[in-house]
There are 2 protein chains.
Amino acid sequence: MLFKKKQRISAKDPIIPALQAIVGEEDVLYRYEDLVAYECDGYTIHKGIPRAVVFPESTEEVSAVVKYLHQQQIPFIPRGAGTGLSGGAIPQNNEVIISLVRMKKLLEVDFYNRYAVVEPGFVNLKLTNAIADKGYYYAPDPSSQYVCTIGGNVAENAGGAHCLKYGVTTNHILGMEAVLANGEIVELGGVPDVPGYDLMGLITGSEGTLAIVTKIKVRILKTPQEKKTVMAYFDKVQDASQAVSDIIAAGIVPAALEMMDKVAIEGVEAANFPVGHPRDIEAVLLLAVDGLAAGIDDQIAEVVEVCQKWNVREVKVAQTVEEAQRWWANRKTAFGAMGAISPDYLVQDGVIPRSRLPEVLARIGEISERSGLRIANVFHAGDGNLHPLILFDSRKPGETDLAVKVGSEVLKVCADVGGSITGEHGVGIEKKEEMRFVFTDEEIEAQLQIRDVFNPQQLLNPDKLFPTPSRCAEVKQAAHK
Amino acid sequence: MLFKKKQRISAKDPIIPALQAIVGEEDVLYRYEDLVAYECDGYTIHKGIPRAVVFPESTEEVSAVVKYLHQQQIPFIPRGAGTGLSGGAIPQNNEVIISLVRMKKLLEVDFYNRYAVVEPGFVNLKLTNAIADKGYYYAPDPSSQYVCTIGGNVAENAGGAHCLKYGVTTNHILGMEAVLANGEIVELGGVPDVPGYDLMGLITGSEGTLAIVTKIKVRILKTPQEKKTVMAYFDKVQDASQAVSDIIAAGIVPAALEMMDKVAIEGVEAANFPVGHPRDIEAVLLLAVDGLAAGIDDQIAEVVEVCQKWNVREVKVAQTVEEAQRWWANRKTAFGAMGAISPDYLVQDGVIPRSRLPEVLARIGEISERSGLRIANVFHAGDGNLHPLILFDSRKPGETDLAVKVGSEVLKVCADVGGSITGEHGVGIEKKEEMRFVFTDEEIEAQLQIRDVFNPQQLLNPDKLFPTPSRCAEVKQAAHK
């Protein structure tokens, strides 16, 4: 009965028929039980109910929906697959969610000029699957790539294990069509070397606060001829860290270079893809080298030699593709694996200069000890992107808040050594206040002024990405209230 | 006497003592004969005299100069070595030039974390020279690299022959310190994965219209173990063009992949570094492959095979480092070499999809025939960046204007096939009107709004980069005058 009642109230909301008139009656959700599915994304600590969820199927429909909402001054949030880890798609003001999942077509593939054009709801991994038989792939590979959308990847400037060698999403976007906050449709980039200001780069990674991307032209790459994987076990994190630096200093750029610490190993060994890591080591390195077949063996030999120089306990090369795939599956499921050793976990996403890793891990160890919460560390070692997984039990009073606080302390450590508060998960709701760890008031104000150009009324994904209150003037006002 | 008189007038300019009080008496030029050297940059078709030239030696001096000029509402232009090819540093409103050439220190090199920090006046090639003995180099290599500054490279987002594999300047900038139009000092980037909007990317390539960069943190790369160079002569441009595509389709990413046409060959063979190219071919390809020593020979063999498939007349591999250097010197001096076959030349800088090259060259041939001006074509074939060199004689009445018009027509051809009006030389004064070939009024207006955030009063390098009048409202006003 409760649901029925709420449904009736929602159905009376005058915006529902207006939105239905644009996208079709079936393509608007407004019943409470339907809306609940949209109360959070991959960041589950905050929740909020949207006013409605609409599913446009074309750029024109997105534009018409936005024009209507703009005219009515109703705030709205673009959303892809909802796999974001910082709450970028969570309603905080009863916003209307514009879901892009029905815009999921692969519009064009041009192997000669090496690009593909997709709609924003097209799933990341499907692009590689669609072009693999011709010997091509799409490089950015977030762990959620089997479900996350390329539109969402653009919003978050998503990374992945292979970003060390191949770069993050912004390095692979060649052009885009976007709907601005007033419903206007623009095209950006699309050709190499666009003159003027790099607005496409500005929108990429802006977490849905500047525009809604409705078409994306991405670079596709030739699949490397050969790929080999190495696993190395170290008694000391310090040695593993030195090995990472020496490998890169040798001029080898691994396709991926990952590290896990003792607690992370405990998790992955307790979960779906155990591979028999020793439990008494401080660090495991997992590394792939790809490229032309000629020369790969020499690079692998050099990697092994560097590991031996730094007192590796054991180093091995995957003997078959299947073995390599098992090793990577073990690593790729590390986040979810925490569920095997803890009721809940919160993943953080700091960035540090590679050389500061041993020191940062020591400080994270201190935070863990002080708080009483265990922390597992998964590290994109090559590019300094650290994912501490804070283990907690949400059933214990206060422990969720404690985990959030610990996450913030870890980010402060990263910022203090000259690092950053997010490598690939974005700021969203989660890290709004932590923006102050890396930006001064003036630097935040400069960004707000840019936001004002695209999103002057803050209808487009409001109250995200920047601290609240976000302007010095607002801080002063708040102080006088 | 004329100079003396002008000198006296300038010396009375009240801003001179004010500027001298900031940077020192010797560090302000104001005599007419000194100012003449600053009336243009590498684009010599437009000229204008600055009001003064100041030489700050620190960020604080830049900031103080800008604060003073901002307070006085006097426009100003940042300038590096003055090698820009689109007139970005040319005064049009008697601006004060802020020359950064005395800020030329290499401040820091960190081999472990692979970066260097330089002042903006530091010369591009000096960075590679300073770190080469440790086995490192700085990748972006404009042809003017022995004299151009890294600050200027940032302003223009400069490229170079090696940008095919390694990317342009923006891909190598890790952080910057900049002085805004009001004199405020900001730091941008500096750590990997900065959250929020990519303001550093926005300033890079903004041609001195958004900020004055005063410190730059750049990525340094490990010098490749091995490098081999191939030269290939083709009777038909079509075949050379197909060979380029097949080389890239084979998964080989050459470090550089250059093409010259018949007229360009005539030029380079008449100039300082002739290498004996045949004169009756339509195209020469010059290509370098670099990387780990293992595997290079296989790649070279594949390149040779592709060339043979496409009817190459002759293909050869440089047998010594010296031979390769001679071949590259022959190519790198191609612009200047035009002086050996023409009194004057104007270099253009279009970008096209690689696959459209034969068609675009045919259309450029038609423009050449119609105008009566010869055009040589030098082409960064790998990334589609075409440099038509329009040969003319400025002593013949009207021929300079004709050359400018021909350049614009060539850019229209590039834009019409889905290309762009500048690959690496920037828009500056030269290509302001051609911005309309690639942007609608709305798209230009969006960029002007971004400019307004950083440069609201247009004191910083005014009347550059955008068409004049640059706003729809101004167009309408002008129409009513």
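Q: Is A:Phe466 buried or exposed, and what is its relative accessible area?
A: The model is a predicted one. Buried means under 20% relative accessible area. A:Phe466 has a relative accessible area of 2%, so this residue is buried.

Q: Which ring pairs with A:Phe466, and how far apart are the centres?
A: A pair of aromatic rings is described by the distance of the centres and the angle of the planes. The partner of A:Phe466 is B:Tyr197, with 5.4 Å between the ring centres. Planes over 60 degrees apart count as edge-to-face; here the angle is 70°, so the pair falls in that class. The contact crosses between chains. A:Phe466 sits in the loop between H17 and helix H18 (472–480) of chain A, and B:Tyr197 in the loop between E9 and H8 of chain B.

Q: How many aromatic pairs does the structure hold over all chains?
A: There are eight aromatic pairs over all chains. One of them joins A:Phe111 and A:Tyr136, with centres 5.1 Å apart and 45° between the planes, a tilted arrangement. This pair links distant parts of the chain, 25 residues apart. A:Phe111 belongs to the loop between strand E5 (106–110) and strand E6 (115–118) of chain A, whereas A:Tyr136 is in strand E7 (residues 136–137) of chain A.

Q: What relative accessibility does A:Phe111 have, and what is the value for A:Tyr136?
A: A:Phe111 is at 23% and therefore counts as partly exposed. A:Tyr136, at 5%, counts as buried.

Q: Which charged residues sit over rings in chain B, such as that of B:Phe55 or B:Tyr115?
A: For this feature the general idea is a charged end placed over a ring face, within 6 Å of the ring centre. B:Arg102 has its charged end over the ring of B:Phe55, 4.4 Å from the centre. B:Lys217 lies over the face of B:Tyr115, 4.2 Å from the ring centre.

Q: How many cavities of 30 Å³ or more are there, and what space lies in the largest cavity?
A: A cavity is a space where a probe fits but cannot get out. The count is five cavities of 30 Å³ or more, and the largest cavity holds about 50 Å³ of space.

Q: Which residues line the largest cavity, and how do they divide by class?
A: Chain A contributes A:Glu443 and A:Ala446; the lining from chain B includes B:Leu180, B:Val186, B:Leu199 and B:Phe454. By class, seven lining residues are nonpolar, none is polar and one is charged. Helix H17 (441–454) of chain A, strand E9 (185–189) of chain B and helix H8 (199–203) of chain B each supply at least two of the lining residues.

Technical notes. Residues numbered from 1 in each chain as written. Chains lettered and ligands numbered in written order. Predicted model: local features only at pLDDT ≥ 70, side-chain atom pairs only at ≥ 80, totals over all residues. Heavy atoms only, no water. 1 Å grid on protein atoms, 1.4 Å probe; cavity = no way out; pocket = protein on both sides within 12 Å on 5 of 7 lines; lining within 4 Å. Points joined across faces, edges and corners; volume = space filled by probe spheres on them. Helix = DSSP H or I, 4+ residues; strand = E, 2+ residues; numbered from the N terminus. Nonpolar A, V, L, I, M, F, W, Y, C, P; charged D, E, K, R; others polar. Phe/Tyr/Trp six-rings, centres within 6.5 Å; stacked < 30°, edge-to-face > 60°. Buried < 20%, exposed > 50% of the residue type's maximum accessible area, 1.4 Å probe, protein only. Lys NZ or Arg CZ within 6 Å of the ring centre and 35° of its normal.
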